Amino acid sequence: GLFPASMERLVTIAAIDALGSETGFTTEVVRARSAEIDEGVLDGDIWLIGGGDPVLATADYTARFGDDRVFTDLAELAADVARALGEQGITRIQGRVIGDESRYAPIERDYVGGAWTSADNADSTVGPLSGLLVNDGYRWSASSGSVSRTSDPAAEAAAVFDDLLTALGIEITNAPRSGEQPASVDQLPLASIDSPPLVEIAARALVDGTTAEMLFKEVGLRSGTGTSQSDAAFGAFLALGGVELPVEIGTTFPADGSGLSAQNQLTCDLLVSILEHDAASSMVVSVLPDIADGPLAECAPPGRGNLSVYSAAEGTTTALAGRLGAVNGDAIAFALIVNAGPIFGPDTAFTTCNSLQQALLEAVAGHPYG
């Protein structure tokens, strides 16, 4: 196997697709059934319960990327909660908003010391991995444009939600924090919101490392192995093997979901098999961008058929994988992974649209004549 860089995201998407689950994520808000209401005042807290939604965000945060990426609008959930409170005659919460992140193990919000070195995520490409994540786990100021990683993502999510409710006229007396939800028997639902479809979130994972890593944790949860890094890795391995894709410990075992970890190993055989497996309904195939819409647009070969490609050119690794709908009706899956080494020199830094990528694209686009 070779180090695949961000190509590992295709493996993450294939793994969650292999579990046969098309459902997305649900974020809920509840209050305690036992809490009393007196003259419009709720004597108790409300809980924002994370459902692992990797794209839960505010509109201003998402707009900063300028790429129309999908998100679950936290403001919509706040409006529904304010409406529900109003229907119960509540205008003031004599308590606080509490964020619950217990869906995933809070003790492992990143993989430094395990799959990651301290340098792998030094620039915070991936936010904290929490069962309750808003705005990728960053503290975002629309006025100043500043972005900083939060050390307590559930508390930050509760704070953003507190601000939204306050703007809607709900008075909240105490400061937001993180904590555990009440026992289910004592929960009274106020509102919930569903994420966009899983396939749309998978498409966002190709451009957003945090989304890819959150999906990786969800693979572990939905496969039943667990949400720690090692458990999620084993869950992904089992999911891919369960649909008879060519995975093997030592050559294709996934270490994380986004490709930051140097422990990731991948083969072209696995990539091609993923692209060929149940292609008509494959989530991976459906999210592959057309070459004209990605970073390889400038080196798209002329006279191509329907060509969809995902690529990487990151430091000492270059790779791509895709599918061609050729002019004669054939469907071709192809993949390339190259790590700098004896042939190219250990310090080779690959750029986008490098000669290796161009050569393969031109050869593929020439089918069936080349």
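Five strands make up an open sheet in the order E12-E8-E4-E1-E13, and their pairing is mixed. Two strands count as paired if DSSP finds at least two bridges between them, and strands (E, at least two residues) and helices (H or I, at least four) are DSSP runs numbered from the N terminus. The model is predicted, so to speak of local features takes a pLDDT of at least 70 and side-chain atom pairs count only at pLDDT 80 or more, while totals for chains, interfaces and linings use all residues. Residues are numbered from 1 along each chain as its sequence is written, and side-chain values use heavy atoms, with hydrogens and water left out.

**The mixed sheet and its helices**

- The edges of this sheet are strand E12 (177–178) and strand E13 (187–194), each of which pairs on one side only.
- Strand E8 (residues 97–100) pairs with E12 in the parallel sense over 2 bridges, and Ile 98 has Arg 177 in E12 as its bridge partner.
- Helix H3 (residues 74–87) lies across strand E1 (26–32), strand E4 (46–49) and E13, and runs at about 150° to E13.
- Helix H4 (residues 153–167) lies across E1, E4, E8 and E12, at about 140° to E8.
- For such angles, axes are lines fitted to C-alpha atoms (for helices over the stretch in contact), and the angles run from 0 to 180 degrees between N-to-C directions.

**The antiparallel sheet**

- A handy reminder: strands of a sheet pair through backbone hydrogen bonds, either parallel or antiparallel.
- Here, an open sheet of 3 strands has the order E14-E15-E16 with antiparallel pairing, and E14 and E16 are its edge strands, each pairing on one side only.
- Strand E14 (residues 306–314) and E15 share 9 bridges, with Glu 314 standing opposite Thr 317 in E15.
- These two strands form a hairpin with 2 residues between them, and Gly 315 in the turn has a positive phi of about 60°.
- On the other pairing, 9 bridges join E15 to strand E16 (residues 331–339), and Ala 321 stands opposite Ala 335 in E16.
- The hairpin of E15 and E16 has 5 residues between the strands, and Gly 329 there takes a positive phi near 95°.
- Strand E15 (residues 317–325) is mostly covered, with 8 of its 9 residues buried; buried means under 20% relative accessible area, exposed over 50%, and partly exposed in between (1.4 Å probe, protein chains only).

**Nonpolar cores**

- A nonpolar core is a set of buried Ala, Val, Leu, Ile, Met, Phe, Trp, Tyr and Cys residues joined through side-chain atoms within 4.5 Å.
- The largest one has 53 residues, and Met 7, Leu 10 and Leu 271 have the most contacts inside it.
- Leaving aside neighbours within four places in sequence, Leu 271 is in contact (heavy atoms within 4.5 Å) with residues including Met 7, Leu 10, Ala 321 and Ala 335.
- A second, separate core of 34 residues includes Ala 35, Ala 154, Ala 157 and Leu 165.

**A helix pair**

- Helix H1 (residues 8–18) and helix H6 (residues 209–223) pack at an angle of about 40°, with their axes 9 Å apart.
- Among the residues that meet are Arg 9 and Ile 16 in H1, and Leu 215 and Phe 216 in H6.
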